[in-house]
Amino acid sequence: MSTLFEPVKIGTMEIKNRFVRSATYDGSAERSGHVSERQLQMFDTLAHGGVGLIVTGITYVDPSGQNLPFQNSMANDEYILGFKKLNDTVHNQGAKIAIQLFNAGRERVRFLKDKTEEAIAPSFIKDDPYFSGNYRSLEEDEIRQIIENFGDAARRSREAGFDAVQVHGAHGFLLSQFLSPYTNHREDDWGGTLENRLRFHHELYDDIRKKVGDDYPLFIKMGVQDGFEGGLEFGEGKTAARIISRWGFDALEISQGLRGKEFEGTEFRTNIRNKDREAYFREWTKVIKEDVNVPVMMVGGLRTFELIKEVVDKKETDFISLCRPFIREPGIVNDWKNGNYHKATCISCNKCLMALRKGEPLYCVQEKTKGSAEQNT
Ligand SMILES: Cc1cc2nc3c(=O)[nH]c(=O)nc-3n(C[C@H](O)[C@H](O)[C@H](O)COP(=O)(O)O)c2cc1C
Ligand code: SF4
């Protein structure tokens, strides 16, 4: 009997099964950053569909870190009430919920049109073929302020009834930018050696822990390799994951660091047509799981129940984290639980992502246009 549908604990939190909805920006928050009615409905449907733990989309801890227009904010106490409603909705369906806290760093300039301030990053990289836009390097006092903003947002998250916080340390956002030798050229204590490039992560962990207490589950989504040559390599990413796991994070989700130019060098890969293309971070996750003593979450292109069962039964991962399959089929976990072991119908075309980037709310484009032939990328 597989353990997939048995309750499991991370620290003090019990989750009813091993399925996680990986963090998903839904383009549905109010422009002010507040939780919207649409989000309450989406999360209700999702929690009703059987997933054990839902991670929210990227939520900014201060306005300098926002990168998309309809994004949630936890930048001050006024946001707590809306999240309380969201958390009650999810809890009423028997699921748990974690908030993903982030700062976009230089990524702020990519999609957000009406910027009032220049974006920030550990360093400014001249003539970067992987990134263009207006941004500048952070001053030391600004770094310390952002760290405190993370801690304050985590404290609010606990007050709002979230079961856990996930720090976003992947996908080319600010923490990835500090960790990667490609984007961190600082010559002070925040750059250079791996220890220095992890200083931001470490101080941020300490600040959050101080504000939420020792018993509160704290996760991190880690980008352990960049999507192009010359960036963070897996050897260092793996060492970083080991170091971070020892500070007291309660779980690690393993993903991509800085993004390459094509989807192939990103966290959301396409063309997942057969089993060989599935679970594209399987090897990284498996290797890191053997190296750390906290639970890990495998994400990235998991689509067939057979493979999902295999990686859990072989103890290559503790949790299965899915994003795009839930956009198309929010009830897929209940299907599987009830013995309907069909492959996820999401074809990983990323049309939902493209629509989001144009400012539309999250929906499955293929599902909406069902009837016409499904188009792959
Ligand atoms: C529409 C969309 C929105 C996403 N938003 C986030 C996000 O807010 N935070 C995050 O860490 N990852 C985000 N991701 C990445 C997913 O969490 C996940 O890591 C990736 O899509 C691979 O999983 P999948 O193959 O199951 O989709 C997003 C992906 C998609 C397609
Ligand atoms: S639009 Fe494509 S990638 Fe997005 S959920 Fe639908 S099938 Fe999956």
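Reply: Start with a term: a residue is buried if 20 or more other C-beta atoms lie within 10 Å of its own, exposed if 12 or fewer, and partly exposed in between, with C-beta atoms placed from the backbone. This is a predicted model, where local features need pLDDT of at least 70, side-chain atom pairs count only at pLDDT 80 or more, and totals for chains, interfaces and linings use all residues. Residues are numbered from 1 along each chain as its sequence is written, while chains are lettered from A and ligands numbered from 1 in the order in which they are written.

Me: Is Thr-317 buried or exposed?
Reply: Thr-317 sits in the loop between helix H10 (305-313) and strand S12 (319-322). Helices (H or I, at least four residues) and strands (E, at least two) are DSSP runs, numbered from the N terminus. Thr-317 has 26 C-beta neighbours inside 10 Å, so it counts as buried.

Me: How far apart in space are Thr-317 and Phe-249?
Reply: In sequence, Thr-317 and Phe-249 are 68 residues apart. In space, C-alpha to C-alpha, the distance is 16 Å.

Me: How many charged residues are in the shell around ligand 2?
Reply: The shell around ligand 2 has 14 residues, Cys-346 being one of the closest. A residue is near a molecule if its C-beta atom, placed from the backbone, lies within 6 Å of it. Ala, Val, Leu, Ile, Met, Phe, Trp, Tyr, Cys and Pro count as nonpolar, Asp, Glu, Lys and Arg as charged, and the others, Gly among them, as polar. The shell divides into seven nonpolar, three polar and, as charged residues, four.
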